[in-house]
Amino acid sequence: KKKVIFGKVEFLKKNRTERMNIMSSLEYKIWRRAVFERDNYQCIWGRKEHGNKLQADHIKPFSLFPELRFAIDNGRTLCIECHKKTDTYGGKTKIK
């Protein structure tokens with residue numbers, strides 16, 4: 001059983017590293033900026049009232065839809081609090 005747990009930990013570390021490498025890439029930074037610009041640098045759910053601590057959210061999860069990672073129409077600008085309310089924040093995966 002320890003091997004399974006160790007294997008899962010290694011899998012999670014590998015995915016986290018891969019995700020961080022992608023998120024530090026030029027292509028990701030261009031995608032993020034394009035999403036923010038399209039949404040006028042405002043949370044799409046609360047606009048200016050939600051402040052300026054913004055995040056670019058993938059509508060269809062980053063981990064499950066690698067082909068959509070850089071698709072601007074798969075992104076939306078959310079403040080941190082709204083992002084936490086999504087079905088996929090922080091690795092949750094409740095796809096409708």
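Is R76 buried or exposed, judged by its relative accessibility? R76 counts as buried, at 17% relative accessibility. Buried stands for under 20% relative accessible area, exposed for over 50%, and partly exposed for the range in between (1.4 Å probe, protein chains only).

The views below show a predicted model, in which local features need pLDDT of at least 70, side-chain atom pairs count only at pLDDT 80 or more, and totals for chains, interfaces and linings use all residues. Residues are numbered from 1 along each chain as its sequence is written, and side-chain values use heavy atoms, with hydrogens and water left out.

**View 1. Overview of the protein chain, with 3 helices and 2 strands.** The elements follow the order α-α-β-β-α from the N terminus. Helices (H or I, at least four residues) and strands (E, at least two) are DSSP runs, numbered from the N terminus. The protein chain has 96 residues, and 28% of them count as buried. Its accessible surface comes to about 7200 Å². Carbon and sulfur atoms hold 57% of that surface. Areas come from the Shrake-Rupley method with a 1.4 Å probe; for residues, only the protein chains shown count as cover. Take the contacts between residues at least 6 apart in sequence: 61% of them join residues at least 24 apart. Contact here means heavy atoms within 4.5 Å.

**View 2. The salt bridge between D57 and R76.** The closest N and O atoms of this pair are 2.7 Å apart. D57 sits in strand β1 (residues 54–58) and R76 in strand β2 (residues 75–79), so the bridge ties together parts that are 19 residues apart in sequence. D57 is buried, with a relative accessible area of 3%. R76 is buried too, at 17%. A salt bridge is a side-chain nitrogen of Lys or Arg within 4 Å of a carboxyl oxygen of Asp or Glu. The structure holds 3 of them. Side chains of opposite charge can pair when their charged atoms come close.

**View 3. The salt bridge between D39 and R38.** Here the closest N and O atoms are 2.9 Å apart. D39 is buried, with a relative accessible area of 9%. R38 is partly exposed, at 40%.

**View 4. D73 and its contacts with R38 and I59.** D73 is found in the loop between β1 and β2. D73 counts as exposed, at 66% relative accessibility. D73 and R38 are 35 residues apart in sequence. Their C-alpha atoms are 9.8 Å apart in space.

**View 5. The salt bridge between K84 and E81 in helix α3.** The N to O distance is 3.8 Å. Both residues lie in helix α3 (residues 80–84). They are 3 residues apart, about one turn of the helix. K84 is partly exposed, with 39% relative accessibility.

**View 6. The largest nonpolar core, 12 residues in all.** Its members are I22, Y28, W31, V35, F36, C43, L54, A56, F62, L78, C79 and C82. Two or more residues come from each of α2 (26–38), β1 and β2. Helix α2 gives the most, with 4 residues. A nonpolar core is a set of buried Ala, Val, Leu, Ile, Met, Phe, Trp, Tyr and Cys residues joined through side-chain atoms within 4.5 Å.

View 7. C43 counts as buried, at 0% relative accessibility. C79 is buried as well, at 4%. Leaving aside neighbours within four places in sequence, C79 is in contact with C43, H50, K53 and L54.

**View 8. I30 in helix α2.** I30 counts as exposed, with 52% relative accessibility. I30 and I72 are 42 residues apart along the chain. Their C-alpha atoms are separated by 9.7 Å.
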